[in-house]
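Welcome to this guided tour. Please open the structure in your viewer and keep the selection panel at hand, and we will go from stop to stop together.

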Amino acid sequence: MTTLALSGSFVIACLLLQAAAPAAAQETVFYKCTDAQGNVTVQNGTPCAAGMKQEIRRVGSAPTVPVPVRRAPEPEPVPAPPAYGEFVLVSGPNMARKPAPEAARLPPPPPLFQCATWDGHTYYGDTATPDPRCAPLQVVGIDGSAAMGMGQACEMRQDSCTAIPEDQLCAAWYRRLDEAEFKLRYATPADQRAREAERADIAAKIRASRCSPEAPPPATAPAAPVP
């Protein structure tokens, strides 16, 4: 029988290493022996001598648990794009307007421009370079506060304008006339005369061009009821 005197820490290290080693098919028994003087020995498979304090530890083949495989996260479902229906004209230009056949001999209408202001407002204009507008700026005090009464300031900005293609000019002029008629319908006494003049000017330009519309068909009287 061979014994080995070991320190307590070394004994524990041996036990841990043995436990970490691959387990054999047969159970292994360790004996921790302490004599009368307090000396400790650890014996592999051999019991302690008579008169010694004996402690045992059995180390068997422990079943191993496989490391769980981490699954890749499933991709987020791609949301379907929203379905948009076709645009439907619910108010706007008079769709009944169309050029009269005899108007083909007349000159084209004046150029027209689709313009947009700095704040997103759109309108039809007669020039590609309208006068700049004064866009208001935020005014703050010395302390950085935006309290009222600090004064007013603005920045001059140019509207962005694009020429209407020639093949779309008649439709654009009809729409401009429709907008002028809409404004005239809701005019106040203060701006009634100005809006009447604006509407008349647009209508005159359309009549003098190949966009001059056909006359609407005469209204037919309702049929008399049959007695």
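Helices (H or I, at least four residues) and strands (E, at least two) are DSSP runs, numbered from the N terminus. By that count, the protein has 3 helices and 8 strands. The model is a predicted one: local features need pLDDT of at least 70 and side-chain atom pairs count only at pLDDT 80 or more, while totals for chains, interfaces and linings use all residues. Residues are numbered from 1 along each chain as its sequence is written, and side-chain values use heavy atoms, with hydrogens and water left out.

**Stop 1: the whole chain**

Colour the protein by secondary structure and follow it along the sequence: the pattern is α-β-β-β-β-β-β-β-β-α-α. Of the 227 residues, 21% count as buried (buried means under 20% relative accessible area, exposed over 50%, partly exposed in between, with a 1.4 Å probe and protein chains only). Now think about contacts, meaning heavy atoms within 4.5 Å. Among contacts with a separation of 6 or more, 59% are between residues 24 or more positions apart.

**Stop 2: the sheet around β1**

Select residues 28-34, which make up strand β1. Two strands pair if DSSP finds at least two bridges between them. Which strands belong to the open sheet here, and in what order? The order is β2-β1-β3, and the pairing is antiparallel.

Next, look at how β1 is held between its partners. It is joined to β2 by 5 bridges and to β3 by 7 bridges. Click on F30: it stands opposite N44 in β2, and its bridge partner in β3 is R57. Then click on T34, whose bridge partner in β2 is V40. Is β1 mostly covered or uncovered? It is mostly covered, with 5 of its 7 residues buried.

Before moving on, select G38. This residue is in the turn of the hairpin formed by β1 and β2, which has 5 residues between the strands, and G38 has a positive phi of about 90 degrees.

**Stop 3: the sheet around β4**

Select residues 113-116, which are strand β4. Here is another open sheet of 3 strands, in the order β5-β4-β8 with antiparallel pairing. At its edges stand β5 (122-125) and β8 (160-163), each with a single partner strand, so one side of each is left without a neighbour in the sheet. Neighbouring strands in this sheet are turned by 25 degrees against each other on average, direction ignored.

β4 pairs with β5 over 4 bridges, and 4 bridges also join β4 to β8. Show the side chains of β4: F113 and C115 form its covered face, while Q114 and A116 form the uncovered one. In a regular strand the side chains alternate between the two faces of the sheet. C115 stands opposite Y123 in β5 and has C161 as its bridge partner in β8. For F113, the bridge partner in β5 is G125. The hairpin of β4 and β5 has 5 residues between the strands, and G120 takes a positive phi near 95 degrees.

**Stop 4: a loop residue**

Go to A104, in the loop between β3 and β4. A104 is exposed, with a relative accessible area of 59%. Now select C211 as well: the two C-alpha atoms are separated by 8.0 Å, although the residues are 107 apart along the chain.

**Stop 5**

Finish with α2 (169-185) and α3 (192-207). Their axes come within 9 Å and cross at roughly 160 degrees. Angles over 145 degrees count as roughly antiparallel, under 35 as roughly parallel, 65 to 115 as roughly perpendicular and the rest as oblique, and α2 and α3 are therefore roughly antiparallel to each other.

Of its 14 residues, L112, I164, W173, I202 and I206 touch the most other members. The elements that give two or more residues to this core are α2 and α3, and α2 gives the most, with 7 residues.

Technical notes:
Core = buried A, V, L, I, M, F, W, Y, C linked by side-chain atoms within 4.5 Å. Axes fitted to C-alpha atoms, helices over the stretch in contact; angles between N-to-C directions.
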